[in-house]
Amino acid sequence: MSSTAEKTMKTDSMFINLGPQHPSTHGVLRVGLTIEGELITKAVPDIGYLHRGTSKLAEVRGYHHCVVLTDRWDYVAAMPNNLVFCLAAEKLMEVQAPPRAEALRVLMCELNRVASHLLFFGTYGIDIGAFTPFLYAFREREMILDLFEMACGARLTYNYIRLGGVMADVPPEWLAKCREFVDYFKPRIDEYDTLLTYNPIFMARTKEVGLIPAADAVSWSLSGANLRGSGVCYDVRKSDPYCGYERYSFDVPLGQTGSCWDRYFCRVQEMRQSIRIIEQVLGGLPEGPTMAAGVAKIPKPKPGEAYAHVEGARGDLGIFLVSDGQASPYRMHVRAPSFLNLAILQELLVGNKVSDVIAILGSIDIVLGEVDR
Amino acid sequence: MIDYFAKVLRAAWNTCKGLGLTLKYLFKPAITVHYPDEKLVPYERFRGALLFDAVTCISCNLCVKACPSTCIDLENATIPDPKNPQARKKVARVEWYSIDFGKCNFCRLCEESCPTKPKSVWHSLDYELVFFSRDEMVRCWKAGMSWVGQYWDRRAKQFKDPPGQVRIMEVDARR
């Protein structure tokens with residue numbers, strides 16, 4: 001091609017908005033894209049549409065009230081949110097949850113991880129253009145939400161894990177129903193593989209797209225399946241066990257190249273591992289109380305600070321709490337995995353085609369409630 | 001060329017495999033319900049619309065303090081003080097009680113804090129909580145009102161029954 005032709009063929013760069021009300025952004029996220037033809041030259045994620053200022057709200061509320069606030073960050077997987085706040089506050093208050101409460105916490109968090117990954121599996125299929133898996137994923141997710149409804153009365157904003165334990169012991173028939181679900185769910189994952197995972201059309205859309213090298217993943221401080229999809233083995237449940245995770249045997253699934261498909265595949269494998277953990281917890285659920293003694297109605301921890309982090313459904317979820325001896329926290333900082341995972345989008349999208357934007361954005365699996373808090 | 005057709009064939013075969021899986025479910029019973037005609041009854045612990053019983057309430061203010069979003073408000077009932085004719089004396093009864101459902105988190109903290117037996121404020125199984133105006137969101141209770149309560153219509157300047165709310169208990173249970 002001659003230089004004149006190149007000059008005349010050159011397209012003008014164009015600015016387009018993806019979102020904030022786009023069905024594939026899974027919430028209110030605006031991405032300002034600068035495109036040249038089909039190629040993206042610049043991408044600027046614009047966040048803050050769902051900002052509610054929960055870290056500030058926590059400063060005027062009691063510790064028990066803050067647990068209710070935590071439900072609203074990652075509303076797809078709210079149990080780990082409850083858990084991480086309670087772990088941090090329990091460090092401040094020097095309270096230890098009883099063994100049965102700890103086992104129930106693990107059980108609920110793993111069930112919630114499965115529910116969250118099922119939502120990802122379903123909506124990611126829709127993003128790529130496969131509608132059927134969504135219906136199958138939501139059928140199973142509905143069963144998990146039923147279990148939650150039975151245990152704590154809510155389907156999304158649980159407020160189940162409380163300071164010093166859990167809200168209440170599970171109803172007597174709950175454990176049998178949970179076992180029934182586990183037995184039902186295990187063969188379903190193979191069906192998902194038939195429907196979506198090894199479908200050549202799906203693989204062609206995702207296998208070579210949105211590559212994150214391991215070094216980039218670490219330097220952008222990704223966590224969760226986004227980091228493990230690039231082959232970096234980091235899981236808070238293994239590296240810094242909490243709630244007795246060291247007692248359960250499970251593997252950390254890893255991807256190879258860090259493509260969209262690897263991140264997707266990691267999540268599907270994590271569902272299998274979560275089911276493994278759930279089976280172990282159900283097998284050896286200790287008896288006893290579900291709430292520690294001596295948790296005040298209005299706790300006033302000694303002045304000090306505490307950091308706790310858990311492996312949430314989206315990654316390393318951490319809370320830094322500072323107490324000045326008053327009834328409400330002096331400062332609460334949240335390390336939200338979705339927020340940090342979203343940051344890599346501006347680098348990841350550059351050089352890709354417009355049609356791949358949704359595939360990449362979906363594979364990062366963000367929840368805007370947690371990004372904006 | 002052969003590669004291309006092999007790819008097409010593989011994609012077609014996998015589509016057929018997927019369709020075979022969905023075909024299997026065609027002959028299994030449906031998991032959905034026809035919503036307005038048949039309704040699922042939630043479990044016992046379900047946190048639905050809040051109900052309030054003005055008869056058992058002792059006006060202790062614990063639910064007001066327990067609420068994370070300060071959506072509950074109440075006022076003590078008073079009787080004439082026999083010692084001082086000008087002043088009035090507080091009694092352990094409630095004059096009026098209100099819940100702003102626009103702010104409510106449905107977190108169950110008020111129900112847990114309630115000291116009376118049976119609970120004076122509790123979550124019903126009603127998940128069909130709908131509002132047509134902002135006035136309807138603020139539900140008020142006074143002695144003599146039902147557990148559902150009434151709302152204050154600012155335009156008509158009178159208490160009204162909340163419309164459009166179907167009592168979930170009146171529908172036949174499916175499970």
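Trainee: What percentage of the 373 residues in chain A do buried residues make up?
Mentor: This is a predicted model: local features need pLDDT of at least 70, side-chain atom pairs count only at pLDDT 80 or more, and totals for chains, interfaces and linings use all residues. Residues are numbered from 1 along each chain as its sequence is written, while chains are lettered from A and ligands numbered from 1 in the order in which they are written. A residue is buried if 20 or more other C-beta atoms, placed from the backbone, lie within 10 Å of its own, exposed if 12 or fewer, and partly exposed in between. For chain A, the buried part of the 373 residues is 50%.

Trainee: What radius of gyration does chain A have?
Mentor: The radius is taken over C-alpha atoms, and the globule rule is 2.2 Å times the number of residues to the power 0.38. For 373 residues that rule puts a compact globule near 21 Å. Chain A agrees with it, at 22 Å.

Trainee: And which radius of gyration does chain B have?
Mentor: The C-alpha trace of chain B spans about 105 × 35 × 30 Å along its principal axes. Buried residues make up 19% of its 175 residues. A compact globule of 175 residues would be near 16 Å, but chain B has 26 Å.

Trainee: How many helices and strands are there in chain A?
Mentor: Helices (H or I, at least four residues) and strands (E, at least two) are DSSP runs, numbered from the N terminus. On that count, chain A has 16 helices and eight strands.

Trainee: What pattern does chain B follow along the sequence?
Mentor: Chain B holds four helices and seven strands. Read along the sequence, their order is α-β-α-β-β-α-β-α-β-β-β.

Trainee: Which residues is A89(A) in contact with, leaving aside its neighbours within four places in sequence?
Mentor: Two residues are in contact if their C-beta atoms, placed from the backbone, lie within 7 Å. Beyond those sequence neighbours, A89(A) touches Y63(A), L163(A) and L321(A).

Trainee: Is N159(A) buried or exposed?
Mentor: N159(A) is found in the loop between α6 (132-152) and β4 (161-162) of chain A. Its phi is near 55°, a positive value in a residue other than glycine. Most residues other than glycine have a negative phi. Because N159(A) has 24 C-beta neighbours inside 10 Å, it counts as buried.

Trainee: And T70(B), buried or exposed?
Mentor: T70(B) is not a glycine, yet has a positive phi of about 45°. Its place is the loop between α2 (62-66) and β2 (72-80) of chain B. With 12 C-beta neighbours inside 10 Å, T70(B) counts as exposed.

Trainee: Which peptide bond is cis, with omega near -5°?
Mentor: Look at the loop between α3 (109-113) and β4 (121-123) of chain B, the place of P118(B). Most peptide bonds are trans. The cis bond here runs from K117(B) to P118(B).

Trainee: Which residue is the bridge partner of Y151(B) in β7(B)?
Mentor: Two strands pair if DSSP finds at least two bridges between them. Strand β6(B) and strand β7 (residues 158-160) of chain B pair in the antiparallel sense over three bridges. In β7(B), the partner of Y151(B) is K160(B).

Trainee: Which element of chain B gives the largest share of the side that touches chain A?
Mentor: The contact takes 21 residues from chain B and 19 residues from chain A. Eight residues on the chain B side, its largest share, come from helix α1 (residues 2-26) of chain B.
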